[in-house]
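Good morning, and thank you for coming.

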Amino acid sequence: MIVIFIFSGAIATTGVTTWLTEWLMSRKIIIGRPWILVAVLLLGMELLSVLQAQWVGLFMLWEMVVVLSKEAGYEKRNPFLTFMIPALMVVYITASYMFPFFSGQIMYLGLYAQGMQSSIPELPLIIWEIVMINLYVVFILLVAKFILKLDLSKIGAASEIYRDKKCPAMTRDQKFGLALLVGFLVVMLLPIILPDELVFIQQIKTLGIMGMLTIILSILSGLRKKDGTPYADLQKAAHTIPWEVIWLLVASTPLAAAFNAEECGIMATLMGFLTPILTNMDGILFIIICTIVIGIITQFVHNLIVAIVLLPILCPLFASMGGNPATLYMCLVWALTFAFATPAASMNAALIFGHSSLSSKDGYVNGIMHLVLALILAILVGIPLGNLIF
């Protein structure tokens with residue numbers, strides 16, 4: 001996780017994130033089409049998240065919607081902003097779990113492996129995430145249009161300010177950063193897609209994520225620009241590491257192992273307590289209840305703590321009942337991702353509540369709305385999809 005954060009920071013120093021955001025904002029399809037504009041912003045946020053844009057891309061799109069709101073003549077706090085600010089954050093965070101070699105999934109998959117002593121197939125995980133994230137974007141667009149009934153007519157007119165906006169040509173540094181980033185994503189996906197019998201696939205697997213990141217960081221810090229400076233300063237890149245998350249993980253992970261240890265007897269006690277209750281419970285009902293309960297708990301307790309304590313316990317417990325632990329894992333992580341309903345739910349939620357264009361009420365209403373919509377989608381689509389592909 002530390003190396004991945006350094007990698008993301010190093011890529012950001014090449015300026016590729018800024019260019020990607022500028023490219024997104026210069027799309028002519030958004031001019032005069034407010035709902036297409038909203039869709040492009042949300043899908044663009046997904047793309048920026050997948051391309052490791054870090055917070056730069058999110059903050060730039062936040063600024064874009066604030067500017068559009070001013071141009072439209074809206075008040076500082078208005079329905080367009082109160083919808084878009086949280087929605088962009090939600091898409092940004094959920095998309096950051098799309099691949100098993102992204103930091104969030106690495107952390108949660110480690111907890112799953114700790115409890116199950118096995119791993120989750122990577123390709124089905126990616127398929128599940130891609131389907132759910134993009135369906136969620138469609139879902140919130142439909143909710144905004146037909147339930148919230150947002151009036152975006154003024155936004156359509158305000159989008160004219162981007163008619164003459166030109167995307168600047170990519171600099172050499174930006175091209176280099178984008179090439180390395182896309183190359184990393186492709187190389188990490190190849191072992192998931194292609195058979196293990198291929199020699200170069202075996203070599204990639206031998207290197208693993210640490211080996212590939214080490215090679216890329218060596219290239220970024222070793223190659224020099226025309227002015228003699230390296231493409232990336234790893235010391236500056238290291239400033240992007242969220243050490244509070246790392247230390248929380250370091251301090252808490254041994255607790256998860258202890259909870260799962262036979263000597264502690266926690267699993268045996270839980271099994272003795274829950275087995276009579278769960279014996280007659282349908283597997284789907286079990287996933288539904290666990291997903292809803294976890295989704296609610298994580299609004300008041302940091303989602304990492306909830307995951308460390310419960311993932312290594314619930315997944316083996318469900319497997320012992322004959323259920324599909326991979327489907328349960330996907331739904332639980334999905335619920336943990338939507339920690340937005342209170343300022344204490346996560347750092348991401350705190351950023352939403354702290355935005356000057358939103359009131360505290362806006363933060364609570366949107367956080368609860370996204371949680372409810374996410375749980376509905378997990379129940380209606382996530383569970384059957386998981387049972388189909390895992």
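The accessible surface of the protein comes to about 17100 Å², and carbon and sulfur atoms hold 68% of that area. These areas come from the Shrake-Rupley method with a 1.4 Å probe, and for residues only the protein chains shown count as cover. Please note that this is a predicted model, in which local features need pLDDT of at least 70 and side-chain atom pairs count only at pLDDT 80 or more, while totals for chains, interfaces and linings use all residues. Residues are numbered from 1 along each chain as its sequence is written, and side-chain values use heavy atoms, with hydrogens and water left out.

Of the 390 residues, 52% are buried; buried means under 20% relative accessible area, exposed over 50%, and partly exposed in between, with a 1.4 Å probe and protein chains only.

Now the overall form. The protein has 18 helices and zero strands, where helices (H or I, at least four residues) and strands (E, at least two) are DSSP runs numbered from the N terminus. Along its principal axes, the C-alpha trace spans about 65 × 50 × 35 Å. The radius of gyration is 22 Å, which agrees with the value near 21 Å that a compact globule of 390 residues would have. That radius is taken over C-alpha atoms, and the globule rule is 2.2 Å times the number of residues to the power 0.38. As for contacts, meaning heavy atoms within 4.5 Å, 80% of those between residues at least 6 apart in sequence join residues at least 24 apart.

Let me turn to the spaces within the model. They are found on a 1 Å grid over the protein atoms alone: a cavity is a set of points where a 1.4 Å probe fits but cannot get out, a pocket is an open set with protein on both sides within 12 Å along at least five of seven lines, and lining residues have an atom within 4 Å of a point. Grid points are joined across faces, edges and corners, and a volume is the space filled by probe spheres set on the points.

The largest pocket holds about 790 Å³ of space. Its lining has 32 residues, and F5, W55, I93, S103 and P242 are the closest to its centre. Which elements supply at least two residues each to this lining? They are helix 1 (2–13), helix 4 (54–71), helix 5, helix 6 (103–116), helix 12 (243–260), helix 15 (303–320) and helix 17 (347–353). Helix 6 provides the largest share, four residues. By class, the lining comprises 17 nonpolar, 14 polar and one charged. Here Ala, Val, Leu, Ile, Met, Phe, Trp, Tyr, Cys and Pro count as nonpolar, Asp, Glu, Lys and Arg as charged, and the others, Gly among them, as polar.

The second largest pocket has a volume of about 420 Å³. Of its 19 lining residues, P100, F101, E122, M188 and I192 lie nearest the centre. Two or more residues come from each of helix 6, helix 7 (122–147), helix 9 (172–193) and helix 10 (199–222). Helix 6 again gives the most, with five residues. This lining has 13 nonpolar, four polar and two charged residues.

A search of the whole structure finds one cavity of 30 Å³ or more. The residues lining that cavity are P86, V90, F340, I352, G363, N366, G367 and H370. Helix 5 (79–95) and helix 18 (360–389) each give two or more of them, and the largest share, four residues, is from helix 18.

I close with individual residues. L88 lies in helix 5 and, at 0% relative accessibility, is buried. Beyond four places in sequence, L88 touches L41, L42, M45, L58, L61, W62 and V65. M98 sits in the loop between helix 5 and helix 6, and is likewise buried, with a relative accessible area of 5%. Its contacts, leaving aside neighbours within four places, are E46, V50, L125, I126, E129, I130 and I133.

Most residues other than glycine have a negative phi. Q117, however, has a positive phi of about 60°; Q117 is in the loop between helix 6 and helix 7 and is exposed, at 66% relative accessible area. K149, also not a glycine, has a positive phi of about 50°. It is found in the loop between helix 7 and helix 8 (153–158), and K149 is exposed, at 61%.
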